[in-house]
Amino acid sequence: MNGHKLVTVSGETLIDGYTIPAGSWDELIRADGSPQPHVTGLIEALERLGPGALQEAGRRRDAIFMQQGITFEVAGTDGERRDRPFPLDLVPRVLTAQEWTVIKRGLAQRIRALNAFVDDVYHAREIVRAGIVPWSLIVSRPSFQRPVHGIRAPGGVYTHICGCDLVRAGDGSWRVLEDNVRTPSGISYVLENRLAMTRLVPELFAGHRVRPVNNYPSLLLDALRAVAPAGNETPTVVVWTPGPLNGAYFEHAFLAREMGVELVEASDLVVRDAVCYMRTTAGLQRVHTIYRRLDDDFIDPLEFRPDSVLGVPGLVRAYRAGTVAIANAIGTGVADDKAIYHYVPEMIRFYLTEEPILENVKTYLLSDEKVLKYVLERLPELVVKPTAESGGKGVFIGPHASKQELEEEALLIASQPERFIAQELVHLSTVPTETSDGRLAARHVDLRPFAVFGEEIRIVPGGLTRVALKEGSMIVNSSQGGGSKDTWVLDDGEVLEATQAEVDIRQPPRLPDVRYGGWQGQAQQQQQTGGN
Amino acid sequence: MLARIAQELFWLGRDLTRAEHTARMLDGAFHADVAGGPGERGIAISWRGVLAVIGAKPPVPGQEKTDDEPGASVPSLLTLSRREIAPMLTLDTDNPAAVVSCVYRARERARTLRDVISTEMWEALNGFYLALGRYDLEAALATGPYSVYQEVKERCALFWGVLDKTMLRDEARSFLEAGGRIEEADMVLRMLRIAVPAGSLPDNTLDGSTTHEAEALALLQAVGGFQAFRRSVHQVPDLPSVGSFLLYESAYPGSVVAALAELQAALETADQAPRSSPPVLRLGRLIADLELQQRTQQPTGSLIELLAGVQDELGLIDHDIDERYFTIAGIAPVHI
């Protein structure tokens, strides 16, 4: 990498010789090498642990993850697929309460706008008539779903579960890199990471008050119940998985287990007279809300791909009849399309008449000839993404590309400009991360907070921090060699004050003494009394 | 069978179950402490609560600094912090309430019972004892308490599993199981009592319900019943729902009524004349009382008194068991 600024922390320590890549913001260490003020305690605790204990904890982590089956499949160099423990880095990423408040408000605003957009696209199309988003662009999105035109989702909520990818630029400001309002995954890792951290390195938590994340399943279940079609009975919620071969099956099972609801596959569901049921030992049982974890295209072979064996025939009919809620709603993908992303700040102004709290990364749509020419000239500085791909596939990073790669990419873009978008390169922020020798080095991270939209928008404190484990790499997807970190949102004192008075009164009740019994106890007693 | 043997079997069951529940409780306390809820002071399974479970007394208002209270095995400990409490309740062989002390006692008892219990049971228990001595527990506890408690849970489960497969369903087994079940009911009651705040429980509609949600979660995790609760009760865990689940849910093996029912079954097998046996009769009445309570749906405000009442009654049953089966082992051999 060119132009590293060398920042050295004094002493023979974990972060000895810690180097922050030029142009990046480090979340834990300041440019002068001292810890950020809110994490001094954490850095001290890490130093007390030292490289040896950290590596030892790493070994225990891998063993525990393998035992608990928290793994993902990777293809080895020989092409063989193997289970690897999910790579959790033991150094957490820490956000202050103030930072989190901004993110939380910004996300809630964005999600309200995206939800309004989905509603609008399939109904009145006011944003098109106002000339803000071109209709031709919307209908040409592969994720635009004609069959759900005119269907109003129960409660007017379409984007029940959202995960937006945030990055932090070199000046410390937050930007939204991508929206995900189809089926964002990763929340199970947030919960499992926290659990693992408390078990593996409890020392690190000392002196910090970290906001808990373990109420996510409750939030999710509440939201899924809230959007269920009205009825007298308690709504039945199910999680719908494509099956155990799906890469995220662990998460599907995790969510079903934590919520205490059934994990169903397509063959378990049946639609009769526009009502969805599941097949149980006690006969057909009505299903009110389906949290589906598969793409629109596979959901109903009668309306979408006729060759889908993962779908439930007639489901869209039931959905249209309003007898079942589907989360996320069908057709939401139109809102998180990479080409639509460019318009989100405008959506916020249009639907909410508010100024966006979180900014976009500067994006260029290549359909305009002038823009295309400008982008091709600046290609070595920009990032180019195919609009149809996800998971970091096909992402082209100009500054990291060789001359030949640049030429090939330029040809590709010029031939089909509408398939790509170009973005300014954001130097992702870094966090100290374990390396194989036990020392810490700066690695780039992003942040995916998870929001749940039922009656209101609730966001779990923190989210999934993904980290690129290769030096200098900015691709954080786990399918491309990325890992994850526990994300802490610190509590400031204010929230605590309110509850303190009530809690201080709490004294444990006086319980009866614990008994110790058996022959030995009595024999001893007798020997003593007998000796007198 | 010999009263002495029966008593040893009974207490073997109690000691092992106590070791397991103490380990679960400490693991829960660790997790609640580290993962944080609305602050250490607000969490049900606090370190202070853990001490209360094993019998340390909170200071009575007006006489804060009392010396050794009679019967309190660990006096004036309420000022200690996690750094001291966790090792004390896990590894301190001088402390009879520590997990290792429970296991050592259980193993000593099993040594005198080798002709009664199956060889595989003895080996499971002896292996447990040896495993605890094999590695540096103190270091293991300092770096990762989770793995220590996990081992305790697994070894206990191994013992009961082997028992289920290899031990004759006779009087001996009944006393062993009776001990395990009465201890389980007692420990769950203790944990419930520290988790339920004194006075009345707030309604769910009140604003303070979120803190109690965290407490309820911590409590469920500390008894290991989270998933069972989720599958059985289709609502967000809060203290009233978790409280009645752990007290009344007969389908959950760790609940108080389930433990009491199995205790009753065990005593009925062991007793020569269960129909005139005071502990069995008293137990029958307690179980019927609980069923009445559950079906009449008392206002939640009385939960704390109910728990205290059940525990007192359990103490009397314990006393009756002593009287009926074991005291004969302790009377003087010669009448003077």
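The structure is a predicted model, so a look at confidence comes first. Chain A has a mean pLDDT of 85, with 89% of its residues at 70 or more. Two stretches of chain A call for some care. Over residues 1-11 the pLDDT stays under 50, and the model gives this stretch 21 contacts beyond four places in sequence. Residues 494-505 of chain A also sit below 50, with 11 contacts beyond near neighbours in sequence. Where pLDDT is low, the predicted coordinates are not something to read in detail.

Now to the sheet. Four strands of chain A make up an open, antiparallel sheet, running in the order S15-S18-S16-S17. S15 and S17 (396-397) of chain A are the edge strands; each has a single partner strand, so one side of each lacks a neighbour in the sheet.

Strand S18 (residues 420-424) of chain A is mostly covered, with 4 of its 5 residues buried. On one hand, S18(A) pairs with strand S15 (residues 363-365) of chain A through 3 antiparallel bridges, and here Tyr364(A) has Ala422(A) as its bridge partner. On the other, 5 bridges tie S18(A) to strand S16 (residues 382-386) of chain A, again antiparallel; Lys385(A) is bridged to Ile421(A) in this pairing. S16(A) in turn pairs with S17(A) over 2 antiparallel bridges, where Val383(A) stands opposite Ile397(A).

Conventions: Residues numbered from 1 in each chain as written. Chains lettered and ligands numbered in written order. Predicted model: local features only at pLDDT ≥ 70, side-chain atom pairs only at ≥ 80, totals over all residues. Buried ≥ 20, exposed ≤ 12 C-beta atoms within 10 Å, placed from the backbone. Pairing = 2+ DSSP bridges. pLDDT = per-residue confidence, 0-100. Contact = placed C-beta atoms within 7 Å.
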